[in-house]
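Reader: Hello! Could you walk me through the ring pairs and a helix packing in this model?

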Amino acid sequence: MSTTADPLSVLGSLPGVADSVESVRKSVDQVYGHRVMRRRSNEITSEAALRGARGSAALAGADWALEEVRRRSDFGSEDEARGVGAALRLTAEAGQLLSIWRQSPLRVLARLHLVAAGVQDETVGRPRQAGEPVEEPLIELALPDADEVAGRLDGLSRLIIDGSSAPALVTAAVVHGELLALRPFGSYNGLVARAAERIVLIGSGLDPKSVCPAEVGHAELGRAAYCGALDAYASGKPDGMAAWITHCGKAVELGARESTAVCEALQRGAA
């Protein structure tokens with residue numbers, strides 16, 4: 001990243017990023033301007049949370065049908081069920097951590113990992129230490145060592161605390177991309193990264209009611225595109241980082257489209 005005073009704003013000026021930011025804003029505005037949102041926004045938020053959790057779990061390898069996620073109550077019996085349960089818990093928790101995020105993002109990340117893991121032991125809720133394994137089969141990037149993880153997490157934390165004039169999409173994409181590239185925890189890094197992206201989008205005011213679930217879009221775009229865009233981000237090259245940001249923008253747009261469809265269904269009385 002750039003060493004300028006506001007490196008996130010530098011990323012916002014990369015080719016194609018401004019167009020993505022504008023396209024995202026239009027998509028978000030379309031949802032918030034829907035007549036159903038004025039009367040039934042809580043229902044849209046709840047449905048977006050469910051669909052977002054399903055999408056995040058799908059990217060982590062638990063690609064369940066929406067109705068299966070909706071009807072199940074046991075999420076501890078096997079690996080896929082635990083992954084879906086973790087995604088649901090994270091989605092519910094994200095909205096409770098907004099006030100802490102800007103002051104202590106590392107504390108929030110630790111809490112997210114604790115919630116995802118659903119257990120307490122010495123490796124949960126803290127960055128991994130030298131020699132500790134990481135379970136994240138989707139991401140095939142080289143794994144940074146513990147010292148690099150600590151340094152980059154500290155840098156990411158400073159960026160959040162210092163604030164930026166960059167668009168929310170840029171900040172959300174960088175948070176998401178850094179956490180995926182670093183895989184700071186021994187497990188559930190993808191779920192945590194996508195929950196952190198959600199927190200930024202809500203807390204920034206871009207999506208304050210959390211009705212534009214980017215996780216839906218990431219799942220719809222597919223795991224291959226997701227990993228390819230992350231590889232581009234991890235290259236550190238300007239065009240690669242722009243590609244990742246625009247990929248995240250497309251995911252938000254697809255999440256907004258999903259909730260617009262839910263609004264339309266409610267308006268027709270079909271949901």
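Author: Gladly, and a definition comes first: rings of Phe, Tyr and Trp (its six-membered ring) pair if their centres lie within 6.5 Å, with planes under 30 degrees apart counting as stacked, over 60 as edge-to-face and the rest as tilted. This is a predicted model, where local features need pLDDT of at least 70, side-chain atom pairs count only at pLDDT 80 or more, and totals for chains, interfaces and linings use all residues. Residues are numbered from 1 along each chain as its sequence is written, and side-chain values use heavy atoms, leaving out hydrogens and water.

Reader: Which residues do ring pairs link into a cluster?

Author: By the ring rule there are two aromatic pairs. Ring pairs join three residues into a cluster: Tyr226, Tyr233 and Trp244.

Reader: How do the rings of Tyr233 and Trp244 sit: stacked, edge-to-face or tilted?

Author: Their centres are 6.2 Å apart. The planes meet at 55°, so the pair is tilted.

Reader: Is Trp244 buried or exposed?

Author: Buried means under 20% relative accessible area, exposed over 50%, and partly exposed in between (1.4 Å probe, protein chains only). Trp244 has 0% relative accessibility, so Trp244 counts as buried.

Reader: At what angle do helix 3 and helix 13 pack?

Author: Helices (H or I, at least four residues) and strands (E, at least two) are DSSP runs, numbered from the N terminus. Axes are lines fitted to C-alpha atoms, for helices over the stretch in contact, and angles run from 0 to 180 degrees between N-to-C directions. For helix 3 (residues 35-59) and helix 13 (residues 238-268), the axes are 9 Å apart and the angle is about 125°.
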